[in-house]
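Here are my notes on this model. Please read them with the structure open.

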Amino acid sequence: MTTALFSVAGAVALIASVLVVTSQRIVHAALWLVVALGAIAGCFGVLHAEFVALVQILVYVGAIVVLVLFALMLTKAPTNPLPSLTTGRSPFAAVVAAVLALVLGAGVVLAFGNEKIKPVVDGSAQAVGTQVFKTWVLPFEVLSVLLLAALIGAIALSQRKKED
């Protein structure tokens, strides 16, 4: 049953990912991204990594995609299809993507073979929280300062455009 659920969630993620890349409208691509990231969270849930699944939903679906949609709305980006942005390189890109997928898939199969997935017992929310707030405090603080600087820079750039 676990394998079937994982396979279904993986197939949904794969199909939604292809639709993200091939969608003609940027808003539709963002919504397909929500489906793809939700399916990946489902994969984590099936593997009994509930904490990672919830973080996937909160951080990626709840924050990143909403940020992309707000950026689209605030910058007044065109939401209608733009055929001028598509190039004749799409077949070449599809071939490169297929070759890369085959190489990565072969690498995973060769590395792990017929090994069974074992449930993780040390991956509880308490263990992850302990590691984050004891071992990884400094990198998280550095990252928060970096994100704050990027936010201030984005605000400064948007204000400079209004003055011109």
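How many helices and strands does the secondary structure of the protein chain come to?

1. The protein chain has six helices and zero strands. Along the sequence the pattern reads α-α-α-α-α-α. Helices (H or I, at least four residues) and strands (E, at least two) are DSSP runs, numbered from the N terminus.

2. This is a predicted model: local features need pLDDT of at least 70, side-chain atom pairs count only at pLDDT 80 or more, and totals for chains, interfaces and linings use all residues. Numbering starts from 1 along each chain as its sequence is written, and side-chain values use heavy atoms, leaving out hydrogens and water.

3. Of the 164 residues in the protein chain, 10% are buried. Buried means under 20% relative accessible area (1.4 Å probe, protein chains only). The accessible surface, by the Shrake-Rupley method with a 1.4 Å probe, is about 12900 Å². Carbon and sulfur atoms hold 75% of that surface.

4. Helix α2 covers residues 26-46. Just after α2, H48 takes a positive phi of about 65 degrees.

5. Buried positions in α2 are A29, A30, A36, L37, A39, A41, C43 and V46. Their cover includes α1 (2-22) and α3.

6. Q56 sits in helix α3 (residues 50-74). Q56 is buried, at a relative accessible area of 9%. Leaving aside residues up to four places away in sequence, Q56 touches L37, I40, A41, F44 and V61. Contact means heavy atoms within 4.5 Å.

Note on methods: Buried < 20%, exposed > 50% of the residue type's maximum accessible area, 1.4 Å probe, protein only. Expected span 1.5 Å × (residues − 1).
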